[in-house]
Amino acid sequence: MKIPLITEIQRFSLQDGPGFRTTVFLKGCPLKCPWCHNPETQRPTKEFYYNQARCVSCGRCVAVCPSGASSLVQGPGKDLVLQLDRSKCINCMRCVAVCLTEARESVGKTMSMEDILQEVLSDEPFYRNSGGGVTISGGDPLLYPAFTLGLAKRIKQRNVHVAIETSCFPKSWKTIQPLLNFVDLFIVDLKSMNPQKHADVIGWPLKPILDNIERLIESHAHVRIHIPVIPGFNDSQQDFDDYIAYLSQYSKQLEGVDILNYHVYGEGKYISLGREKEYQYMGVKENPPEKVLPLARGLKLAGISSVTIGGLVGITESRNTSSRDAGMQCVA
Ligand SMILES: C[S@@+](CC[C@H](N)C(=O)[O-])C[C@H]1O[C@@H](n2cnc3c(N)ncnc32)[C@H](O)[C@@H]1O
Ligand code: SF4
Ligand code: SF4
Ligand code: SF4
């Protein structure tokens, strides 16, 4: 079984499903959404953040670096400054271990299934009181189907609600089907309805994703759709109409749709990972919330009962009640 690194276990999360949740972020994703706010979860291997503001140019990392990726060079004044050449880095993490100021921070932790379970189940009483549970996210949990299945099973054994947040990318339904018995809610991201744009920009075909959504619905799984609305990518009226036309076919079966307006929270992480050059959205302004209202209204008019802008923030529902029945924030 392929075991993922964990980038974070986020407690008291309100946006990754109903109620109070703990979200487990797995490291690794085969898609390449250029706006992704979790760039640290894209690569499956360990890497590190470098926060220049915390660096005191002590040179400890230079002394241990086996590849010459870290060096001290003359700065603009007389002082030496640290220079980091990530192209030489072999991710040995020695520099992280010796840095005393936390200018270097490791991303991706090795954890056993038992460690993860212990941490996520420590908030069981909060889940019961709020109708919450555990969300497995990333990266993409379906990159690690056996691990995700194992984790979901163990959490379900404690009668705790399990959600997974995924782009549903696998080309084979066989990867997803075994999860049906152990996952209470599939939160599926639909990044574009345009097959060409989907393949060109995200690097993955749209068709298998739509097939998987349809199979989930046919299997009576609880499904919420996330639509990230990204400036210049899928925020035109044509894009909105395409989403509405497709999702209206499933208006009665879907739990709901959450519209996620693009935000810039990932910017600092791209810089700390040394990937600012590949982040095409650096400096791109967020759309005003009213930009997505035509999409929200269109989805409501198409008969989708639960449509939110921003996700299920603060929703309370009793356990074993689907979010379809919950009193959630509705728009339009
Ligand atoms: C980081 S993804 C992880 C789970 C899975 N890989 C997916 O794409 O659904 C979690 C959610 O964050 C959303 N997201 C990613 N970057 C975003 C951004 N810059 N602004 C708004 N939402 C974003 C995605 O659309 C998805 O709904
Ligand atoms: S060990 Fe830390 S503080 Fe010292 S030079 Fe390296 S990054 Fe900067
Ligand atoms: S992780 Fe990279 S920069 Fe740090 S010591 Fe190892 S090779 Fe050098
Ligand atoms: S699929 Fe999710 S985790 Fe992967 S790049 Fe896209 S938004 Fe990020």
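Biologist: How many residues of domain 1 are in contact with residues of domain 2, and how many of domain 2 take part?

Modeller: This is a predicted model, and in it six residues of domain 1 are in contact with seven residues of domain 2. By class, the side of domain 1 that touches domain 2 has one nonpolar, three polar and two charged residues. In general, the size of an interface is often given as the accessible area lost when the parts come together, but here we have looked at residue contacts.

Biologist: Let us turn to a helix. How many residues does α5 have, and what span does it reach?

Modeller: One way to read a helix is to compare its end-to-end reach with the span expected at 1.5 Å a residue. Helix α5, residues 145–157, has 13 residues and reaches 18 Å from its first C-alpha to its last, which is close to the expected 18 Å.

Biologist: Which residues of α5 are buried, and why do they line one face of the helix?

Modeller: Thr 148, Leu 151, Ala 152 and Ile 155 are the buried ones. Seen down the axis of α5, these buried residues fall within an arc of 100 degrees, and therefore they line one face of the helix. That buried side packs against α3 (113–121), β7 (133–138) and β8 (161–166), whereas the face turned away from it carries the exposed residues Ala 146 and Gln 157. After the helix comes Asn 159, whose phi is positive, near 65 degrees.

Biologist: Which residues are closest to ligand 3, and how do the residues around ligand 4 divide by class?

Modeller: Ligand 3 is surrounded by 13 residues, the closest being Cys 65, Ala 69, Cys 89, Cys 92 and Cys 95, and its shell has nine nonpolar, three polar and one charged residues. The shell around ligand 4 divides into four nonpolar, six polar and two charged residues, and among its members are Cys 29, Cys 33, Cys 36 and Asp 140.

Terms used:
Residues numbered from 1 in each chain as written. Chains lettered and ligands numbered in written order. Predicted model: local features only at pLDDT ≥ 70, side-chain atom pairs only at ≥ 80, totals over all residues. Near = placed C-beta within 6 Å. Nonpolar A, V, L, I, M, F, W, Y, C, P; charged D, E, K, R; others polar. Helix = DSSP H or I, 4+ residues; strand = E, 2+ residues; numbered from the N terminus. Expected span 1.5 Å × (residues − 1). Buried ≥ 20, exposed ≤ 12 C-beta atoms within 10 Å, placed from the backbone. Arc of directions from axis to C-beta. Contact = placed C-beta atoms within 7 Å.
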